[in-house]
Amino acid sequence: QLQLVQSGGGLVQPGGSLRLSCATSESTKDIYAIGWFRQAPGKEREGVSCVSGDDRYTNYSASVKGRFTISRDNAKNMVYLQMNSLKPKDTGVYYCAASALISLCLFSEPYDYWGRGAQVTVSS
């Protein structure tokens, strides 16, 4: 069973940057699409970004487009979410997840494997 281990959360001031990391227990190249989701306090989980299994496609929510970048290092079985120009509204628990539907990355697709989450707090 695929396992995902997250790191990189923390506290940052508005305008700052963080990089979230998701280490996978096995290679996800050409096998899984990877998505990043977040859940703000009192709100439902929402999709943030995703990358297709072949790295051809990426997707971003409108609220983070231009500020966040998803990437993969397939040699290291790592997936990253670089978050720049952070805003208080970005605060929440961030999850990486893997989907066996590898052709595209869509937030509405089933994601079968999930990390435990990492807290990101953007506050002055």
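Modeller: This is a predicted model. An open sheet of 4 strands is found in it, in the order S1-S3-S8-S7, with antiparallel pairing.

Biologist: Why are S1 and S7 called edge strands?

Modeller: S1 and S7 are the edge strands of this sheet, as each pairs on one side only. From one strand to the next, the twist averages 15°.

Biologist: How do you know that S7 and S8 pair?

Modeller: Pairing requires at least two bridges between two strands. S7 and S8 run antiparallel and are joined by 6 bridges, so they pair. As an example of a bridge, Asp73 has Met78 in S8 as its partner.

Biologist: What lies in the loop between strand S7 (68-73) and strand S8 (78-83)?

Modeller: Asn77 is found in that loop. Asn77 has a positive phi of about 55° although it is not a glycine.

Biologist: Why is Asn77 called partly exposed? And why does Asp30 receive that term?

Modeller: Partly exposed covers the range between the buried limit, under 20%, and the exposed limit, over 50%. Asn77 has 24% relative accessibility and therefore counts as partly exposed. Asp30 has a relative accessible area of 44%, so Asp30 is partly exposed.

Biologist: Why is Gln1 called exposed?

Modeller: The term applies over 50%. Gln1 has a relative accessible area of 80%, and therefore Gln1 is exposed. Gln1 is placed in the segment before strand S1 (4-7).

Biologist: How do you know that Gln1 touches Ser25?

Modeller: Contact calls for heavy atoms within 4.5 Å. Not counting residues up to four places away in sequence, Gln1 touches Ser25 and Tyr113. The C-alpha atoms of Gln1 and Ser25 are 8.6 Å apart in space, and these residues are 24 residues apart in sequence.

Biologist: Why is Ser99 called buried?

Modeller: Buried means under 20%. Ser99 has 0% relative accessibility and therefore counts as buried. Ser99 is found in strand S9. With neighbours within four places in sequence left aside, the contacts of Ser99 include Ile31, Tyr32, Ala33 and Tyr111.

Biologist: Which residues touch the most other members of the largest nonpolar core?

Modeller: Of its 24 residues, these are Trp36, Phe68, Leu81, Met83 and Tyr94. The elements that give two or more residues to this core are S3, S4, strand S5 (46-51), S7, S8, strand S9 (92-99) and strand S11 (118-122). A second, separate core of 5 residues includes Phe37, Cys50, Ala97 and Tyr111.

Biologist: Which residues are in contact with Met83?

Modeller: Leaving aside neighbours within four places in sequence, the contacts of Met83 include Leu18, Leu20, Phe68, Tyr94 and Val120.

How values were computed
Residues numbered from 1 in each chain as written. Predicted model: local features only at pLDDT ≥ 70, side-chain atom pairs only at ≥ 80, totals over all residues. Heavy atoms only, no water. Buried < 20%, exposed > 50% of the residue type's maximum accessible area, 1.4 Å probe, protein only. Core = buried A, V, L, I, M, F, W, Y, C linked by side-chain atoms within 4.5 Å. Axes fitted to C-alpha atoms, helices over the stretch in contact; angles between N-to-C directions.
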